[in-house]
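Good morning, and thank you for coming. Please look at the sequence and the structure as I put them on the screen.

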Amino acid sequence: MMNYRKITSLSNQKIKELLDIKRRKGRDKNSSFLIEGPHLIETALNSGSQLNDILFSASFLSKENGQQFLKRLSKHTKNIFEVSEHVIARIADTETTQGIIAVSACRSLSLEDLRPGAEALIVVIDGVQDPGNLGSIIRTSDAAAADAVILLPGTCDAFMQKTIRSTAGSIFNIPVIYADPQDLLQWLRLNNIKLAATSLDSDRTAFEERLEGPLALVFGNEAHGVSKEIKSAADLLLKIPILGHAESLNVASAAAVCLYEAVRQRSK
């Protein structure tokens, strides 16, 4: 029999804590973030992520396999709460809540935790501010078997709920690391990793440059591109040819093109 407690008030201390985690400062303070919906929670569980708290509504419990799913979760944490519909709606980030939310511990990783190999493929995000774009790039990086995603200052929070949903669970499959530009550049030099930045000013396309071997691909801010500091340190500048009348590609689309060109070259 699964044991759980009931919470009906927004003034409950546990609920206040979870509402705090919705904000970036609260996530940093508690080293935790929220996961919404059974699919993302299942992915987190399968990745070995530590789940601290589970909140569910009566409507979720009444769903087919709802109780079975909760019993499985109860093997990983004893902090399980049934909350009223208005409470879970307040914590949820979607208009129509899926009725279940988990609190996951953040994995504290640094550049030193990475062990890049001879064909390392690193994705660097430099100031991307839209959570949908960031989530899509993390998802594509996972699909392309990149070794890590490194976030530079000015990039939106990878652990906000909208970003996590946009990754479709990939955030649990690939290391996501925050770093300062100078620390990143030093780490790349120490590990003999070539740095390639996307730039509209480049004379060479991603299809003309060699993207084999240890490589870090940098994708920049939606409006301003890669920062001058990173671009000036790059070994390669890449552009994607625009054959039609579009002004440019969305940054997430550009990342997909470059990553899979690197994958194509490495699979020869």
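Let me begin with a question: with which residue does Arg266 form a salt bridge? The partner is Glu119, and the closest N and O atoms are 3.4 Å apart. By salt bridge I mean a side-chain nitrogen of Lys or Arg within 4 Å of a carboxyl oxygen of Asp or Glu. This pair links distant parts of the chain: Arg266 lies in helix α11 (residues 251-266), Glu119 lies in the loop between β5 (100-105) and β6, and 147 residues separate them.

The model is predicted, so local features need pLDDT of at least 70 and side-chain atom pairs count only at pLDDT 80 or more, while totals for chains, interfaces and linings use all residues. Residues are numbered from 1 along each chain as its sequence is written, and side-chain values use heavy atoms, with hydrogens and water left out.

Helices (H or I, at least four residues) and strands (E, at least two) are DSSP runs, numbered from the N terminus.

By the rule given, there are 11 salt bridges. Among them, Asp20 pairs with Arg23, with 2.3 Å between the closest N and O atoms. Is Asp20 buried or exposed? Asp20 is buried, at a relative accessible area of 12%, whereas Arg23 is partly exposed at 46%. Here buried means under 20% relative accessible area, exposed over 50%, and partly exposed in between (1.4 Å probe, protein chains only). Another salt bridge joins Glu209 and Arg204 at 3.3 Å, N to O; Glu209 is buried at 15%, and Arg204 is partly exposed at 37%.

Two strands pair if DSSP finds at least two bridges between them. For strand β7 (residues 148-152), 3 bridges join it to β8, and Ile150 stands opposite Ile177 in β8.
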